Amino acid sequence: MEKNYNHEHVEDKWYKIWEDNKYFTPKKTGKPFSMVIPPPNVTGALHLGHALDNTLQDIIARYHRLKGDRVLWVPGTDHAGIATQNVVEKELKKQGSSREELGREKFVERVWQWKEEYGNRITSQLRKLGASCDWEHERFTMDDGLSEAVKENFVRLYNEKLLYRDTYIVNWCPRCHTAISDIEVDHKDEQGHLWHIKYPVASNPSTFITVATTRPETMFGDTAVAVNPSDERYLSLIGKELLLPLTNKRIPILADHHVDKTFGTGAVKVTPAHDPNDFQIGLRHGLEKVIVMDTSAVMNENAPAKYQNQDRYIARKQIIKDLEELGLLEKTDEHSHAVGHCYRCDTTIEPYLSKQWFIDMKQLVEKPISTVKNKDIQFIPERWEKLYFDWMENIRPWCISRQIWWGHRIPVWYCEDCGSETVSATEVTSCNCGSKNVKQDEDVLDTWFSSALWPFSTLGWPENTQDLKDFYPTSVLVTGYDIITFWVSRMITMGLFNMNDVPFRKVYIHGLVRDAEGRKMSKSLGNVIDPLIIIQEKGADVLRFTLASLVTSGGQDIRLMDDKLVSSRNFVNKLWNVSRYILMQEPETSGEIGATNADKWILSTFKKITDETDKYYNEFEFNFVVEKLYEFVWNEFCDWYIEMTKLTKKESQPTLIYILNGVLKLLHPIIPFITEEIWQQLKTHPLFDDIEKTSIMLSAWPETASSSFDSSVFEEAKSIIKSTRNIKAEKNIAGSRKGNLLVCSTIPNISEYEQYITMLAGLEATSFLETSSAPSEQHAYAVVSENTVIYLPLAGLIDTGKEKEKLQKEAEKISATIIGLKNKLGNKGFTDNAPPEVIEKQKQSLEENEAKLKLIETKLSEL
């Protein structure tokens, strides 16, 4: 083995071998275990969220392979309608062109070209991470099979009367020129204004009703002002008319129970085409719906001529100015409120009246809710069920149509002669009326519509494939809590609707990756950490080990700190170095596992750690897996056992090889590259027993036998060693001075560990006494346990005179510090004027120095 571990050479080499040899493909035997990757956007590059999510999935997949399961992990990417279209449109803009100039067909061709050229970037980066997906099963949400699934799902929903087309208030992005669903709106708290506008009463223009709004530019779409019917202030005005400011339009004052009379003035402007609540009021009272902006949020012909063709914000400024001049602006308040933004381009959303396709989700959610309540799907951790139930129990219609060109085109054809609509999974060329003048819907489906089918469409649905029979429902879904509403809820809904079964048995929810200060990573904060740079500099294993160590059982967000990466890199190097040490020994060709007491102890400890690790892997407690294996490898295996075997190199070699083989398997799901590299080196050893396997990926989880070895005696010997080391450190005994230890213990057979104690405590010799009486010469002692006391005669180990002189100087220095602190704290000028935290700090310092002085005085007394 090379002296230093070279991750760059090792990681690329082994991934290619694994993939070329189809080690990620499900084997023919074993219990089926399946997962589907949350498909990253085809536009995406690997970020830390991907790295965490896919590391956890890969750990699960590799663990289950070692356990003998038939593992299928399906990879793939999402076509990401709006995001991908935006990317290609930006490219066209740089070239002086546009999608409108190309036309729909040519533009879609251009997007496919972009996808073929750049769409594999994210999947090649997942390979760098070590993701052991079955790439032969790779899918794309717009490949032929998934496109058929999307159309089939649409037709089924339509036939069950769960789909409808309606004019409704939607979240409209003026930049992307499309509707987006409620959960695609990113709400941000912003400091804005609340303008109080006076609406004159038509019959008496000198009197007013004041309404407050954050969006005065929508006022030209007002078709009423509403008040609560029990509000005595307005009883005499209900049924009368107001004059809409800046226009000559008359609008009614109407009564509606949904108006909160305690909020503001108790009167609200009603703009049915530009506000979802006003839309509902409009439906109840049969109000006209006036759209005052175009799809780019520019004022249209329904606004007064002065404001037409102005951007909404330019118009807003002009409207406020004009209202002020007319004396119709009563006041302006500072106002903090949540403003919706497009999740893709961050443009402020405009509530907009538009004709769209919707799924009536209320008719679908009963079964998905009961399924989770009955634990047919287990949320891990369980607390995330609340978010799921809150969403599902308050579900609204899902707007699934998007006004873009890249995506699954809605499979509906309209007859331009008779006006009927035909929904079909196959191309429609004529209407039932005989007309061939049919035109397909221009809109495409929401990206999440196809993603909702992912667990079964990727396995071949709507065909009844062998993959569906073998691997559906999938075993577990791994995802972040941020897409429980976006994705998890919809997969459950569509799985139960189409397959009459859950899409997965378990949902493992993890937190999000944040920076060391707990902040969300963003370009604006300059705190984005590129996982590919970590992989390049430190290796994928280091990143994976770090991420696994930070994941908590509660699904909380995790903080990525440099010291964690350094600790992980040190561990990887430690594993390499100890493996190199073992493999550099002269190989034995035969021998017995468990030949010495140290061997028996490490075997019993390894049995325990294997059982614990197995449990934690099964329960998704990956941080505990890391913690236990780190402790075992660094402390028990390296610091204790390896050191002990230096007394019995030949006899212990079979056990060393056995334990190293087992450790590599336990660690392999988390750090697959270095474990494979070491395991291949280990295979060449004459005592290695997994010789028929070509890769650690194909080997089996360690089998450990129950041990009757009583480790309590061994642990007592370790305690004697640690106590002796402590004595030497406390007495400042140089490492070159060994000494003779006297041990008085009632534990039987403790003397069998004499050689280990002598060597590891750095002694000349160890003697075991019959009596507990202390030796007559000057000595140090320690109570190891209720059964054991040790004595270390100090003659020849320390220079008493020099030690006393050193301690006395230290005592004098600390005494001077104590006097200074007491004087300071006794000074009224200081205690009256200094901040409380400064005074407290001085008091703590005094206590610490007094404790140090007491310890030194004790040592001087002993000397």
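Here is a short note on the structure above, point by point.

1. **The model.** This is a predicted model, where local features need pLDDT of at least 70, side-chain atom pairs count only at pLDDT 80 or more, and totals for chains, interfaces and linings use all residues. Residues are numbered from 1 along each chain as its sequence is written, and side-chain values use heavy atoms, with hydrogens and water left out.

2. **Overall build.** You will find 27 helices and 29 strands in the chain; these are DSSP runs numbered from the N terminus (helices: H or I, at least four residues; strands: E, at least two). The chain has a radius of gyration of 37 Å, while a compact globule of 863 residues would have one near 29 Å. That radius is taken over C-alpha atoms, and the globule rule is 2.2 Å times the number of residues to the power 0.38.

3. Of the 863 residues, 54% are buried. Buried means under 20% relative accessible area, exposed means over 50%, and partly exposed lies in between (1.4 Å probe, protein chains only).

4. **A glutamate to look at.** E184 sits in the loop between β6 (178-180) and β7 (185-201). Is E184 buried or exposed? E184 is buried, because its relative accessible area is 1%. Its side chain makes a polar contact with the side chain of R402, at 2.8 Å. A polar contact is a pair of N or O atoms within 3.5 Å; within protein, one must be able to donate a hydrogen and the other to accept it, and residues adjacent in sequence count only if both atoms are side-chain atoms. Leaving aside neighbours within four places in sequence, E184 is in contact (heavy atoms within 4.5 Å) with residues including H341, D446 and W448.

5. **The end of a helix and what follows.** F497 belongs to helix α15 (residues 484-499) and is partly exposed, at 22% relative accessibility. Beyond its neighbours within four places in sequence, F497 has contacts that include N153, R156 and L364. N500 lies in the loop between α15 and β23 (504-510). N500 counts as exposed because its relative accessible area is 55%.

6. **Backbone details.** Most residues other than glycine have a negative phi, and most peptide bonds are trans. N500 has a positive phi of about 55°, and K22 has a phi near 60°.
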